[in-house]
Amino acid sequence: MNKQHTSRVGFVSLGCPKASSDAEQILTRLRGEGYDIAPQYDGADLVIVNTCGFIDAAVEESLDAIGEALAENGKVIVTGCLGAKKDGAGRGIVEQTHPKVLAVTGPHAADEVMSAVYQHLPRPHDPFTDLVPPQGVRLTPDHYAYLKISEGCNHRCTFCIIPSLRGDLVSRPIHDVVREAETLVDAGVNELLVISQDTSAYGVDLKYRTGFVNGRPVKTRLQELCQELAQLDVWVRLHYVYPYPSVDDILPLMAEGRILPYLDVPFQHASPRILKSMKRPASAENNLERIRRWREICPELTIRSTFITGFPGETEDDFNQLLDFLGEAQIDRVGCFAYSPVEGATANVLPDAVPAELREERRQRLMEFQEDISTQRLEAKIGREIVVIVDEIDPDEGAICRSEGDAPEIDGLVIVPEGSEMEVGKFYQVRVTDCDVHDLYAEPLWAEQ
Ligand code: SF4
(Lines give C-alpha, C1' and ligand atoms only; values in the text may rest on other atoms or scores of the structure.)
Protein backbone atom coordinates (compact mmCIF):
# COMPACT_ATOMS: atom_id res chain seq x y z
CA MET A 1 0.00 0.00 0.00
CA ASN A 2 1.24 3.47 -0.83
CA LYS A 3 1.93 5.19 2.52
CA GLN A 4 1.24 8.61 0.98
CA HIS A 5 -2.46 7.76 0.91
CA THR A 6 -2.65 6.60 4.54
CA SER A 7 -4.87 8.79 6.70
CA ARG A 8 -2.68 10.66 9.18
CA VAL A 9 -3.83 11.85 12.60
CA GLY A 10 -1.87 14.37 14.67
CA PHE A 11 -2.05 13.81 18.44
CA VAL A 12 -1.43 16.24 21.32
CA SER A 13 -1.78 14.89 24.86
CA LEU A 14 -1.82 17.05 28.00
CA GLY A 15 -2.52 16.23 31.64
CA CYS A 16 -1.94 13.52 34.21
CA PRO A 17 -1.06 9.81 33.84
CA LYS A 18 -4.79 9.01 33.66
CA ALA A 19 -5.08 11.30 30.63
CA SER A 20 -1.98 9.63 29.14
CA SER A 21 -3.61 6.26 29.62
CA ASP A 22 -6.72 7.50 27.72
CA ALA A 23 -4.38 8.79 25.01
CA GLU A 24 -2.70 5.40 24.75
CA GLN A 25 -6.07 3.70 24.23
CA ILE A 26 -7.01 6.09 21.43
CA LEU A 27 -3.58 5.83 19.79
CA THR A 28 -3.79 2.05 19.99
CA ARG A 29 -7.21 2.08 18.30
CA LEU A 30 -5.99 4.47 15.60
CA ARG A 31 -2.89 2.44 14.80
CA GLY A 32 -4.84 -0.81 15.00
CA GLU A 33 -7.24 0.46 12.38
CA GLY A 34 -4.52 1.54 9.99
CA TYR A 35 -4.28 5.28 10.67
CA ASP A 36 -0.78 6.79 10.75
CA ILE A 37 0.13 9.02 13.68
CA ALA A 38 1.71 12.31 12.57
CA PRO A 39 4.31 13.83 14.89
CA GLN A 40 3.44 17.37 13.70
CA TYR A 41 0.31 19.26 12.67
CA ASP A 42 1.84 19.70 9.27
CA GLY A 43 0.99 16.69 7.15
CA ALA A 44 -1.78 15.49 9.49
CA ASP A 45 -5.28 15.13 8.03
CA LEU A 46 -6.75 16.05 11.40
CA VAL A 47 -5.53 16.59 14.96
CA ILE A 48 -6.82 15.14 18.25
CA VAL A 49 -6.11 17.24 21.36
CA ASN A 50 -6.41 15.32 24.66
CA THR A 51 -7.01 18.02 27.29
CA CYS A 52 -6.74 18.52 31.04
CA GLY A 53 -9.28 20.57 33.00
CA PHE A 54 -7.99 20.24 36.55
CA ILE A 55 -6.74 23.71 37.48
CA ASP A 56 -7.06 27.04 35.71
CA ALA A 57 -3.49 26.89 34.35
CA ALA A 58 -4.23 23.47 32.78
CA VAL A 59 -7.46 24.84 31.23
CA GLU A 60 -5.48 27.71 29.68
CA GLU A 61 -2.81 25.36 28.37
CA SER A 62 -5.45 23.07 26.85
CA LEU A 63 -7.38 25.94 25.24
CA ASP A 64 -4.10 27.30 23.81
CA ALA A 65 -3.19 23.88 22.40
CA ILE A 66 -6.61 23.64 20.71
CA GLY A 67 -6.19 27.17 19.28
CA GLU A 68 -2.74 26.29 17.95
CA ALA A 69 -3.99 23.05 16.36
CA LEU A 70 -6.88 24.96 14.72
CA ALA A 71 -4.51 27.63 13.40
CA GLU A 72 -1.92 25.15 12.12
CA ASN A 73 -4.20 22.40 10.86
CA GLY A 74 -7.85 23.47 10.98
CA LYS A 75 -9.46 20.04 11.62
CA VAL A 76 -9.48 19.38 15.37
CA ILE A 77 -11.22 16.84 17.63
CA VAL A 78 -11.05 17.56 21.36
CA THR A 79 -11.18 14.90 24.09
CA GLY A 80 -10.24 14.67 27.81
CA CYS A 81 -11.34 16.36 31.02
CA LEU A 82 -11.75 19.88 29.62
CA GLY A 83 -14.15 18.50 27.00
CA ALA A 84 -16.62 17.68 29.80
CA LYS A 85 -16.36 21.06 31.51
CA LYS A 86 -19.31 23.46 31.34
CA ASP A 87 -19.68 27.13 32.20
CA GLY A 88 -22.31 28.47 34.65
CA ALA A 89 -25.02 28.32 31.94
CA GLY A 90 -24.24 24.69 31.10
CA ARG A 91 -22.42 25.49 27.83
CA GLY A 92 -19.24 23.61 26.96
CA ILE A 93 -16.10 25.66 27.63
CA VAL A 94 -14.29 24.25 24.58
CA GLU A 95 -17.21 24.89 22.21
CA GLN A 96 -17.56 28.43 23.62
CA THR A 97 -13.91 29.30 23.09
CA HIS A 98 -13.27 27.39 19.87
CA PRO A 99 -16.57 26.94 18.00
CA LYS A 100 -14.72 25.56 14.95
CA VAL A 101 -13.66 22.27 16.54
CA LEU A 102 -15.13 19.24 14.75
CA ALA A 103 -16.15 17.32 17.86
CA VAL A 104 -15.74 17.43 21.64
CA THR A 105 -15.82 14.46 24.04
CA GLY A 106 -15.07 14.06 27.74
CA PRO A 107 -12.38 11.80 29.21
CA HIS A 108 -12.21 8.02 28.77
CA ALA A 109 -14.18 8.20 25.52
CA ALA A 110 -12.16 6.23 22.96
CA ASP A 111 -15.33 5.00 21.21
CA GLU A 112 -16.72 8.53 20.79
CA VAL A 113 -13.36 9.84 19.59
CA MET A 114 -13.10 7.05 17.02
CA SER A 115 -16.65 7.80 15.78
CA ALA A 116 -15.68 11.44 15.29
CA VAL A 117 -12.52 10.37 13.46
CA TYR A 118 -14.49 8.08 11.11
CA GLN A 119 -16.85 10.95 10.33
CA HIS A 120 -14.11 13.32 9.24
CA LEU A 121 -11.37 10.99 8.05
CA PRO A 122 -12.43 7.78 6.33
CA ARG A 123 -11.09 4.59 7.81
CA PRO A 124 -8.05 3.42 5.78
CA HIS A 125 -8.92 0.72 3.31
CA ASP A 126 -6.64 -2.00 4.67
CA PRO A 127 -6.45 -2.04 8.46
CA PHE A 128 -3.82 -4.79 8.48
CA THR A 129 -0.99 -2.81 6.98
CA ASP A 130 -0.20 -0.96 10.20
CA LEU A 131 -0.58 -3.64 12.85
CA VAL A 132 0.13 -2.44 16.37
CA PRO A 133 2.19 -4.43 18.83
CA PRO A 134 0.05 -6.47 21.26
CA GLN A 135 0.81 -4.11 24.16
CA GLY A 136 -0.72 -1.19 22.20
CA VAL A 137 0.83 2.22 21.62
CA ARG A 138 2.36 3.68 24.77
CA LEU A 139 3.72 7.10 25.64
CA THR A 140 6.07 5.77 28.34
CA PRO A 141 9.53 4.28 27.70
CA ASP A 142 9.60 0.56 26.86
CA HIS A 143 10.54 -0.56 30.38
CA TYR A 144 7.69 0.90 32.45
CA ALA A 145 3.97 1.32 31.90
CA TYR A 146 0.90 2.72 33.64
CA LEU A 147 -1.81 0.19 34.42
CA LYS A 148 -5.17 1.90 34.93
CA ILE A 149 -7.42 -0.31 37.09
CA SER A 150 -10.54 1.86 37.30
CA GLU A 151 -12.07 5.07 36.05
CA GLY A 152 -13.96 7.76 38.00
CA CYS A 153 -14.35 8.27 41.75
CA ASN A 154 -17.10 7.86 44.37
CA HIS A 155 -15.73 10.63 46.61
CA ARG A 156 -16.65 14.28 46.45
CA CYS A 157 -13.59 16.14 47.74
CA THR A 158 -14.62 19.76 47.83
CA PHE A 159 -11.56 21.06 45.93
CA CYS A 160 -11.91 18.56 43.06
CA ILE A 161 -14.15 18.38 39.99
CA ILE A 162 -12.87 15.05 38.69
CA PRO A 163 -16.03 13.08 39.66
CA SER A 164 -18.16 15.57 37.70
CA LEU A 165 -15.82 15.14 34.71
CA ARG A 166 -15.15 11.41 34.92
CA GLY A 167 -18.19 10.08 36.82
CA ASP A 168 -18.42 7.55 39.65
CA LEU A 169 -16.00 4.67 40.16
CA VAL A 170 -16.05 2.01 37.44
CA SER A 171 -13.54 -0.79 38.11
CA ARG A 172 -12.12 -2.76 35.21
CA PRO A 173 -12.75 -6.53 35.43
CA ILE A 174 -9.81 -8.20 37.15
CA HIS A 175 -9.11 -10.59 34.24
CA ASP A 176 -8.88 -7.62 31.91
CA VAL A 177 -6.37 -5.79 34.15
CA VAL A 178 -4.22 -8.89 34.67
CA ARG A 179 -4.28 -9.72 30.96
CA GLU A 180 -3.12 -6.20 30.10
CA ALA A 181 -0.35 -6.50 32.71
CA GLU A 182 0.77 -9.87 31.26
CA THR A 183 0.83 -8.43 27.75
CA LEU A 184 2.92 -5.48 28.91
CA VAL A 185 5.39 -7.75 30.71
CA ASP A 186 5.63 -10.03 27.64
CA ALA A 187 6.50 -6.91 25.63
CA GLY A 188 9.45 -6.11 27.92
CA VAL A 189 7.91 -3.88 30.61
CA ASN A 190 9.79 -4.29 33.92
CA GLU A 191 7.78 -1.91 36.08
CA LEU A 192 3.98 -1.58 36.33
CA LEU A 193 2.59 1.64 37.82
CA VAL A 194 -0.92 0.96 39.10
CA ILE A 195 -3.09 4.07 38.75
CA SER A 196 -6.71 5.16 39.22
CA GLN A 197 -8.44 7.98 41.11
CA ASP A 198 -8.76 5.82 44.24
CA THR A 199 -6.74 2.62 44.05
CA SER A 200 -7.82 1.31 47.48
CA ALA A 201 -11.45 1.36 46.26
CA TYR A 202 -10.80 -1.07 43.40
CA GLY A 203 -13.79 -3.40 43.05
CA VAL A 204 -16.11 -1.55 45.48
CA ASP A 205 -18.54 -0.77 42.63
CA LEU A 206 -18.56 -4.46 41.64
CA LYS A 207 -19.06 -5.55 45.27
CA TYR A 208 -15.67 -7.31 44.97
CA ARG A 209 -17.25 -9.71 42.46
CA THR A 210 -15.34 -12.92 41.75
CA GLY A 211 -13.83 -12.91 38.27
CA PHE A 212 -11.71 -15.53 36.51
CA VAL A 213 -8.00 -15.02 35.88
CA ASN A 214 -6.53 -17.73 33.68
CA GLY A 215 -9.36 -20.02 34.74
CA ARG A 216 -8.96 -19.37 38.50
CA PRO A 217 -11.62 -17.56 40.57
CA VAL A 218 -10.19 -14.27 41.90
CA LYS A 219 -12.00 -11.46 43.77
CA THR A 220 -12.05 -8.01 42.16
CA ARG A 221 -10.21 -6.39 45.06
CA LEU A 222 -6.89 -4.61 45.50
CA GLN A 223 -5.31 -7.28 47.68
CA GLU A 224 -6.09 -10.04 45.17
CA LEU A 225 -5.00 -7.86 42.27
CA CYS A 226 -1.65 -7.23 43.97
CA GLN A 227 -1.23 -10.98 44.54
CA GLU A 228 -1.84 -11.60 40.82
CA LEU A 229 0.52 -8.84 39.69
CA ALA A 230 3.18 -10.05 42.14
CA GLN A 231 3.37 -13.29 40.15
CA LEU A 232 4.60 -11.45 37.06
CA ASP A 233 8.04 -10.95 38.60
CA VAL A 234 8.39 -7.25 37.76
CA TRP A 235 8.26 -4.11 39.89
CA VAL A 236 4.65 -3.27 40.85
CA ARG A 237 4.14 0.24 42.28
CA LEU A 238 0.88 1.51 43.79
CA HIS A 239 -0.29 5.09 43.27
CA TYR A 240 -3.28 7.03 44.68
CA VAL A 241 -3.90 4.77 47.69
CA TYR A 242 -6.07 6.10 50.54
CA PRO A 243 -5.28 5.17 54.14
CA TYR A 244 -8.10 2.70 54.76
CA PRO A 245 -7.56 -0.19 57.20
CA SER A 246 -7.79 -2.61 54.23
CA VAL A 247 -4.45 -1.28 52.94
CA ASP A 248 -2.78 -2.98 55.94
CA ASP A 249 -3.44 -6.31 54.20
CA ILE A 250 -1.23 -5.34 51.26
CA LEU A 251 1.81 -4.46 53.38
CA PRO A 252 2.87 -8.10 53.92
CA LEU A 253 3.25 -8.44 50.12
CA MET A 254 5.59 -5.46 50.25
CA ALA A 255 7.51 -6.84 53.23
CA GLU A 256 8.00 -10.12 51.32
CA GLY A 257 9.39 -8.19 48.33
CA ARG A 258 6.55 -9.33 46.06
CA ILE A 259 5.36 -5.82 45.21
CA LEU A 260 7.39 -2.65 45.73
CA PRO A 261 7.49 -1.28 49.31
CA TYR A 262 6.10 2.02 48.07
CA LEU A 263 2.81 3.81 48.70
CA ASP A 264 1.67 7.04 47.09
CA VAL A 265 -0.95 8.31 49.56
CA PRO A 266 -2.35 11.79 48.87
CA PHE A 267 -3.03 12.89 52.48
CA GLN A 268 -3.54 16.58 51.45
CA HIS A 269 -3.75 17.79 55.08
CA ALA A 270 -3.50 16.67 58.70
CA SER A 271 -5.85 18.97 60.60
CA PRO A 272 -9.08 16.95 61.20
CA ARG A 273 -11.12 20.15 60.74
CA ILE A 274 -9.62 20.86 57.31
CA LEU A 275 -9.76 17.22 56.20
CA LYS A 276 -13.44 17.23 57.08
CA SER A 277 -14.02 20.42 55.17
CA MET A 278 -12.12 18.93 52.21
CA LYS A 279 -14.34 15.80 52.53
CA ARG A 280 -11.28 13.63 52.07
CA PRO A 281 -11.63 9.85 51.86
CA ALA A 282 -10.64 8.14 55.13
CA SER A 283 -10.50 11.53 56.86
CA ALA A 284 -11.64 9.98 60.14
CA GLU A 285 -8.70 7.55 60.19
CA ASN A 286 -5.78 8.11 62.53
CA ASN A 287 -3.19 8.48 59.81
CA LEU A 288 -0.16 8.60 62.11
CA GLU A 289 -1.23 5.35 63.70
CA ARG A 290 -1.82 3.84 60.26
CA ILE A 291 1.66 4.88 59.05
CA ARG A 292 3.23 3.48 62.23
CA ARG A 293 1.46 0.18 61.60
CA TRP A 294 2.55 0.08 57.93
CA ARG A 295 6.18 0.65 58.90
CA GLU A 296 5.92 -2.00 61.59
CA ILE A 297 4.86 -4.53 58.95
CA CYS A 298 7.26 -3.24 56.28
CA PRO A 299 10.16 -1.15 57.64
CA GLU A 300 11.51 -0.56 54.11
CA LEU A 301 8.32 1.26 53.06
CA THR A 302 8.73 4.52 51.12
CA ILE A 303 5.72 6.85 51.48
CA ARG A 304 5.03 9.61 49.02
CA SER A 305 2.30 12.18 49.58
CA THR A 306 0.92 15.50 48.43
CA PHE A 307 -0.48 18.36 50.53
CA ILE A 308 -2.44 21.56 49.99
CA THR A 309 -1.70 24.73 51.96
CA GLY A 310 -4.12 27.63 52.39
CA PHE A 311 -7.35 25.68 51.91
CA PRO A 312 -10.32 27.95 52.82
CA GLY A 313 -10.59 28.22 56.60
CA GLU A 314 -7.02 27.02 57.28
CA THR A 315 -5.74 28.83 60.36
CA GLU A 316 -2.15 29.11 61.57
CA ASP A 317 -3.05 26.42 64.09
CA ASP A 318 -4.29 24.05 61.33
CA PHE A 319 -1.11 24.70 59.38
CA ASN A 320 1.04 23.97 62.43
CA GLN A 321 -0.83 20.69 62.91
CA LEU A 322 0.19 19.84 59.35
CA LEU A 323 3.86 20.59 60.11
CA ASP A 324 3.65 18.53 63.32
CA PHE A 325 2.20 15.66 61.30
CA LEU A 326 5.07 15.85 58.80
CA GLY A 327 7.58 15.90 61.65
CA GLU A 328 6.07 12.77 63.16
CA ALA A 329 5.12 10.88 59.99
CA GLN A 330 8.61 11.23 58.44
CA ILE A 331 7.17 10.90 54.95
CA ASP A 332 9.91 10.25 52.40
CA ARG A 333 8.66 12.24 49.41
CA VAL A 334 6.36 15.25 49.60
CA GLY A 335 4.75 17.43 46.96
CA CYS A 336 2.82 20.54 47.98
CA PHE A 337 0.47 22.93 46.20
CA ALA A 338 -0.82 26.27 47.39
CA TYR A 339 -4.62 26.01 47.22
CA SER A 340 -5.97 27.24 43.90
CA PRO A 341 -9.73 27.49 43.36
CA VAL A 342 -10.97 25.30 40.53
CA GLU A 343 -14.01 26.50 38.64
CA GLY A 344 -17.03 24.41 39.60
CA ALA A 345 -15.51 23.08 42.86
CA THR A 346 -17.68 23.35 45.99
CA ALA A 347 -14.70 24.58 48.05
CA ASN A 348 -15.02 27.91 46.23
CA VAL A 349 -17.98 28.90 48.38
CA LEU A 350 -16.39 27.93 51.70
CA PRO A 351 -15.90 30.87 54.08
CA ASP A 352 -12.59 32.35 55.27
CA ALA A 353 -10.55 32.18 52.08
CA VAL A 354 -6.82 32.42 52.78
CA PRO A 355 -5.06 35.25 50.89
CA ALA A 356 -3.02 34.02 47.91
CA GLU A 357 0.33 35.27 49.35
CA LEU A 358 -0.27 33.41 52.61
CA ARG A 359 -1.18 30.19 50.77
CA GLU A 360 2.10 30.44 48.88
CA GLU A 361 4.10 31.44 51.96
CA ARG A 362 2.80 28.38 53.82
CA ARG A 363 3.65 26.18 50.83
CA GLN A 364 7.23 27.41 50.95
CA ARG A 365 7.43 26.95 54.72
CA LEU A 366 6.13 23.41 54.38
CA MET A 367 8.63 22.52 51.65
CA GLU A 368 11.54 23.97 53.66
CA PHE A 369 10.41 22.03 56.73
CA GLN A 370 10.12 18.81 54.73
CA GLU A 371 13.48 19.27 52.99
CA ASP A 372 15.40 18.28 56.13
CA ILE A 373 13.21 15.21 56.65
CA SER A 374 13.61 14.02 53.04
CA THR A 375 17.36 14.62 53.14
CA GLN A 376 17.79 12.73 56.42
CA ARG A 377 15.83 9.80 55.05
CA LEU A 378 18.05 9.72 51.96
CA GLU A 379 21.22 10.09 54.06
CA ALA A 380 20.23 6.97 55.99
CA LYS A 381 20.66 5.03 52.72
CA ILE A 382 24.32 5.99 52.23
CA GLY A 383 26.52 2.88 52.30
CA ARG A 384 23.60 0.52 51.57
CA GLU A 385 23.36 -1.81 48.58
CA ILE A 386 20.14 -1.31 46.64
CA VAL A 387 18.58 -2.42 43.38
CA VAL A 388 17.92 0.20 40.70
CA ILE A 389 16.25 0.24 37.31
CA VAL A 390 18.00 2.23 34.56
CA ASP A 391 15.92 4.94 32.87
CA GLU A 392 18.54 6.41 30.55
CA ILE A 393 22.25 6.75 29.89
CA ASP A 394 23.46 10.32 29.88
CA PRO A 395 26.83 10.90 28.17
CA ASP A 396 27.88 13.39 30.89
CA GLU A 397 26.17 12.13 34.06
CA GLY A 398 26.30 8.34 33.58
CA ALA A 399 23.34 6.05 34.28
CA ILE A 400 20.15 7.78 35.42
CA CYS A 401 18.33 5.21 37.50
CA ARG A 402 15.59 4.89 40.11
CA SER A 403 15.36 2.83 43.29
CA GLU A 404 12.35 0.95 44.64
CA GLY A 405 11.44 4.18 46.44
CA ASP A 406 11.33 6.39 43.33
CA ALA A 407 8.40 6.54 40.93
CA PRO A 408 9.22 7.89 37.47
CA GLU A 409 8.77 11.62 36.88
CA ILE A 410 7.60 12.51 40.41
CA ASP A 411 10.30 11.23 42.78
CA GLY A 412 14.09 11.41 42.88
CA LEU A 413 16.77 9.59 40.90
CA VAL A 414 19.75 7.40 41.61
CA ILE A 415 22.67 8.69 39.57
CA VAL A 416 25.45 6.23 38.83
CA PRO A 417 28.32 8.26 37.28
CA GLU A 418 30.31 5.14 36.37
CA GLY A 419 27.28 3.37 34.98
CA SER A 420 27.49 4.32 31.32
CA GLU A 421 27.71 0.63 30.41
CA MET A 422 24.49 -0.22 32.18
CA GLU A 423 21.51 -1.03 29.96
CA VAL A 424 18.29 0.98 29.92
CA GLY A 425 15.34 -0.89 31.42
CA LYS A 426 17.47 -3.44 33.33
CA PHE A 427 17.94 -3.93 37.08
CA TYR A 428 21.34 -3.58 38.76
CA GLN A 429 22.72 -3.78 42.26
CA VAL A 430 24.51 -0.56 43.30
CA ARG A 431 26.02 0.89 46.50
CA VAL A 432 24.78 4.32 47.61
CA THR A 433 27.70 6.72 48.10
CA ASP A 434 26.07 10.15 48.57
CA CYS A 435 22.84 12.14 48.35
CA ASP A 436 21.41 15.62 47.98
CA VAL A 437 17.90 16.83 48.81
CA HIS A 438 16.19 14.71 46.14
CA ASP A 439 18.62 12.26 44.57
CA LEU A 440 20.99 9.48 45.55
CA TYR A 441 24.44 8.86 44.02
CA ALA A 442 25.77 5.34 43.73
CA GLU A 443 28.52 3.10 42.37
CA PRO A 444 27.76 0.01 40.31
CA LEU A 445 28.39 -3.45 41.75
CA TRP A 446 28.10 -4.96 38.27
CA ALA A 447 25.92 -7.85 39.27
CA GLU A 448 23.01 -7.69 36.89
CA GLN A 449 19.81 -8.88 38.55
S1 SF4 B 1 -10.57 11.17 45.80
FE2 SF4 B 1 -11.15 13.32 45.90
S3 SF4 B 1 -9.45 14.39 44.87
FE4 SF4 B 1 -9.34 12.25 44.25
S5 SF4 B 1 -10.53 12.15 42.34
FE6 SF4 B 1 -11.91 11.60 44.03
S7 SF4 B 1 -12.92 13.53 44.53
FE8 SF4 B 1 -11.09 14.07 43.37
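The protein is divided into three parts by its domain assignment: domain 1 (8–120), domain 2 (144–380) and domain 3 (384–444). Keep in mind as you explore that this is a predicted model. Between domain 1 and domain 3, the C-alpha centres lie 36 Å apart. Below is a friendly tour of the ligand shell, one histidine within that shell, the nonpolar cores and a helix residue.

**Around the ligand**

- The residues surrounding the ligand are Cys153, His155, Cys157, Phe159, Cys160, Ile162, Pro163, Gln197, Tyr242, Arg280 and Pro281.
- Sorted by class, this shell holds 8 nonpolar, 2 polar and 1 charged residues.

**His155, a member of the shell**

- His155, one of the residues around the ligand, is found in the loop that runs between β7 (150–151) and α5 (162–166).
- His155 has a relative accessibility of 18%, so it counts as buried, given that the cut-off for buried is under 20%.
- The side chain of His155 has a polar contact of 2.7 Å with the side chain of Asp198.
- A polar contact of 3.5 Å also links the side chains of His155 and Tyr244.
- Leaving aside residues up to four places away in sequence, His155 touches Pro163, Asp198, Tyr244 and Pro281.
- Pro163 and Pro281, two of those contacts of His155, are also among the residues that surround the ligand.

**The nonpolar cores**

- The largest nonpolar core has 51 residues, and within it Leu263 and Phe307 touch the most other members.
- Helix α11 (residues 316–329) supplies the largest share of this core, with 6 residues.
- Apart from this core lies another one, made of 19 residues, including Ile66, Leu70, Val76 and Ile93.
- Turning back to Leu263, its contacts are Leu238, Val241, Val247, Leu251, Met254, Trp294, Leu301, Thr302, Ile303 and Arg304, with residues up to four places away in sequence not counted.
- Thr302 and Arg304 are among the residues that Leu263 touches; by class, Thr counts as polar and Arg as charged.

- Asp324 counts as exposed because its relative accessibility is 52%, and the cut-off for exposed is over 50%.
- Asp324 and Ser271 are 53 residues apart in sequence, while their C-alpha atoms are 9.9 Å apart in space.

Note on methods. Residues numbered from 1 in each chain as written. Predicted model: local features only at pLDDT ≥ 70, side-chain atom pairs only at ≥ 80, totals over all residues. Heavy atoms only, no water. Near = heavy atom within 4 Å. Core = buried A, V, L, I, M, F, W, Y, C linked by side-chain atoms within 4.5 Å. Buried < 20%, exposed > 50% of the residue type's maximum accessible area, 1.4 Å probe, protein only. Helix = DSSP H or I, 4+ residues; strand = E, 2+ residues; numbered from the N terminus. Contact = heavy atoms within 4.5 Å. Domains from an automatic or database assignment. Polar contact = N/O pair within 3.5 Å; in protein donor to acceptor, adjacent residues only side chain to side chain.
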